[in-house]
Amino acid sequence: MTAPNGLGNSIENLLSLSGEALTQQFLSSPPLNNSTDEFLDYSEHERSEMSVSNNLWYKEAIFYEVYVRAFCDIEGTGNGGISGITNKLDYLHTLGVDCIWLLPIYPSPLKDDGYDISDYCDIHPDYGTLNDFKILVKAVHERNMKIIADFIPNHCSDKHKWFQSARLSRDSPYRDYFVWSDSPQKYKDARIIFLDVEQSNWTWDETAGQYYWHRFYKEQPDLNFDNPKVQQEMLNIVDFWLNLGIDGFRVDAVPYLFEREGTSCENLPETHDFLKKMRRFIDNKYPGRIILAEACQMPDEVRKYFGDGDEFHMGFHFPVMPRIYMSIMRSKSECLRNIMEGTPEIPNTCQWVTFLRNHDELTLEMVTKDERKEMWDFYAPVPRMRINLGIRRRLAPLMGGDQRKIELAYSLLFTLPGSPIIYYGDEICMGDNIWLEDRHGVRTPMQWSDQPPNGGFSTSNKLYAPVIDDPEYGYQKVNVVESEKDPSSLYQVIRQMIQRRRKHLSFGHGSFQWVNSDNPHIASYMRICGIDRMFIVQNLSDQVQKVTLHTHAASITPFSTTSMPSSSNTTTGSLHRRTPSNSGDGIASGIGSRVGGGDGGNIESVTSSFGNTLTVDGAGGNLLGSKVTPIPTRKVHTHYQQSNTNINKQHHQPLTTKEEYEALKGTKPPLVSFLNVETASYDEQSHYLIDILTDYQVMVDQKGYVTMELEPYQFYWFSMGEITTLMGEGSKSRDLRRKSIQINDHTSLHQRNIHFADPIDE
């Protein structure tokens with residue numbers, strides 16, 4: 001697996017370059033990290049004042065999902081544990097993780113990897129002790145990070161003392177903790193979730209002499225939430241763990257808490273009543289802690305779990321995940337646009353949660369049958385790769401090992417609305433083992449180094465599952481040590497993307513709006529929070545794409561490149577690559593940029609919005625014919641080439657005083673409306689969009705049109721809110737870095753700015 005050329009250069013590529021080209025190659029490829037300022041700024045995990053003062057940290061957070069058993073074994077037992085996570089916190093901190101999400105850590109028979117709980121208030125002995133957990137929580141908070149844990153209220157294990165007592169006698173005090181029936185015909189309108197292993201939601205218990213209700217495995221009896229004692233038990237469990245210092249819960253299987261005849265037994269009003277009761281309990285006793293809803297439903301159903309901001313703080317946006325893969329597969333944005341346009345607004349204190357992969361299958365439950373077949377044929381052509389209504393594969397194999405496509409997927413993840421979750425190991429391109437049973441193939445040991453026999457995961461000779469050991473994704477090649485050393489690795493790319501994302505409020509708090517495109521292969525949209533305005537442009541295809549966009553926020557009629565208006569004083573859409581400064585701030589070609597906009601910075605005005613979308617001209621949506629297995633590829637991002645286009649040398653001198661500005665009010669060209677600030681549109685610097693990840697610049701004409709060319713799977717995160725003349729009130733950084741840009745000769749800077757081929761020195 002190779003990295004984008006903009007991030008690293010292979011020997012073959014370097015040898016193929018002439019002397020002049022080789023010099024230019026090195027001049028245009030800044031080192032990834034050589035700035036102490038950037039390291040310090042990055043490691044502090046700063047949160048905005050908006051988040052701190054309103055307990056909204058979760059809206060800006062990067063989450064990291066940890067399967068405890070698979071992460072790190074420092075005790076040589078063959079199983080990862082709590083102490084292993086504590087030992088690796090600095091790795092997560094350096095990556096940029098804000099909050100760790102722990103999969104179930106409770107005692108369990110492990111029929112369902114810990115989601116069958118036999119004791120809610122203890123730690124599984126394979127993982128450690130409660131004292132180990134307290135040490136972990138303290139260490140997490142010392143690094144200004146957060147930690148949440150899985151909470152499973154819907155069901156427990158059939159080995160739990162409650163169920164064991166309940167089945168012995170109808171007079172047991174725990175009998176009504178569960179749902180019993182003399183007939184399996186009750187609640188017949190409820191669907192069976194695990195169709196591949198369960199034939200019914202009812203199972204006969206010989207000892208109890210009745211059927212008991214379960215929505216998942218028969219070893220996981222559902223709890224009876226019509227019993228007030230069960231509700232109180234759940235609140236007691238919440239209290240126990242929050243009292244130990246954790247910052248919240250990911251609440252499992254929330255739609256299924258109650259049952260009612262004649263319904264699907266999902267999303268019932270009684271369920272919302274209890275969840276609001278739980279939220280009030282948490283807010284009153286533990287303000288600032290959060291609950292995240294795991295409801296595998298369409299967005300309009302999940303919306304109900306936010307209530308009026310008085311139920312869940314966060315909710316998974318399940319349908320957007322398969323459509324990220326679908327849009328890359330089809331090389332078109334239509335399916336992604338459709339699901340986002342169908343996503344309702346949520347209260348401004350709530351947040352969506354998005355992900356690319358997790359510990360389960362890539363669920364295709366919320367796509368059509370035809371779409372499911374299409375996804376299976378393309379991403380899982382071997383039947384062994386499929387399970388239930390999904391695909392049991394990791395991110396890197398799904399993308400055929402093509403790092404360009406993986407980076408594009410992360411660009412979508414990090415810039416679409418919601419707080420993103422990274423699944424452990426995906427940041428280093430870990431592979432999977434489809435020959436393991438169930439979903440264990442995506443839960444293999446973390447690969448820390450190339451050291452045998454277990455890649456740094458454990459010294460034990462007997463692991464809970466074998467470490468990946470194949471030519472493409474084996475630990476000898478894919479591991480943390482190599483990823484940390486290689487400046488072009490996916491790990492380093494993600495790390496820098498997180499760093500840049502953290503500097504912009506629009507990603508965590510901003511509204512969302514699609515931007516007109518004359519090219520259906522381009523996904524372009526804005527994220528807007530006050531003056532922070534991010535403009536995202538992404539090429540979903542494996543071909544070079546040219547696109548013309550209009551940066552006005554108002555809806556306009558789609559147009560084609562040939563009909564785009566021109567300006568006598570500017571060359572529309574010319575790309576210019578700036579020579580990198582010594583700050584080492586640029587990442588390199590292939591990583592995109594963002595742009596923000598909007599009105600006001602008040603917390604009441606930053607509610608996420610998926611409405612007011614614009615139409616795309618010619619966004620067909622017809623499918624690609626390929627049904628072949630994605631195979632590992634050695635394709636890499638190519639360097640951007642400097643444009644040979646020169647701007648007309650006639651230009652206006654920048655205005656530096658209010659008097660000069662007022663004197664020319666009647667003669668100046670129109671203001672660039674998308675800026676929504678009093679910036680003179682004839683000041684050429686105000687016409688640049690700057691990619692905050694690579695420092696690429698793109699020219700916008702005075703009517704707000706921009707044309708650009710993107711390499712296969714290339715993306716930009718343009719900042720509109722950072723467009724500045726760098727004049728007037730002194731030096732300011734374009735990408736909100738702490739390092740100031742000192743300008744001694746304003747005139748010479750402005751003069752050089754008119755030649756695209758010339759570098760712009762800071």
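**View 1. The second largest pocket of the predicted model.** The lining of this second largest pocket takes in 36 residues. Ile 193, Phe 194, Phe 216, Glu 361 and Glu 365 lie nearest the pocket centre. The space inside comes to about 680 Å³. Sorted by class, 18 lining residues are nonpolar, twelve are charged and six are polar.

**View 2. The largest cavity.** Seven cavities of 30 Å³ or more occur in the structure. The largest has a volume of about 80 Å³. Its lining consists of Glu 60, Ile 62, Asp 98, Ile 498, Arg 501, Arg 502, His 504, Leu 505, Phe 507 and Gly 508. Helix H19 (490-502) and helix H20 (505-509) each give two or more residues to this lining. Four of the lining residues are nonpolar, four are charged and two are polar.

**View 3. The second largest cavity.** This cavity has a volume of about 60 Å³. Its lining counts 13 residues, with Glu 75, Gly 80, Gly 81, Ile 82 and Tyr 127 nearest the centre. Seven of the lining residues are polar, three are nonpolar and three are charged.

View 4. H13 spans residues 320-330, and eleven of its eleven residues are buried. Among them are Val 320, Pro 322, Tyr 325 and Ile 328, along with Arg 323 and Arg 330. Just after H13, Ser 331 adopts a positive phi of about 60°.

Terms used. Residues are numbered from 1 along each chain as its sequence is written. This is a predicted model: local features need pLDDT of at least 70, side-chain atom pairs count only at pLDDT 80 or more; totals for chains, interfaces and linings use all residues. Side-chain values use heavy atoms; hydrogens and water are left out. Buried means under 20% relative accessible area, exposed over 50%, partly exposed in between (1.4 Å probe, protein chains only). Helices (H or I, at least four residues) and strands (E, at least two) are DSSP runs, numbered from the N terminus. On a 1 Å grid over the protein atoms alone, a cavity is a set of points where a 1.4 Å probe fits but cannot get out, and a pocket is an open set with protein on both sides within 12 Å along at least five of seven lines; lining residues have an atom within 4 Å of a point. Grid points are joined across faces, edges and corners, and a volume is the space filled by probe spheres set on the points. Ala, Val, Leu, Ile, Met, Phe, Trp, Tyr, Cys and Pro count as nonpolar, Asp, Glu, Lys and Arg as charged, and the others, Gly among them, as polar.
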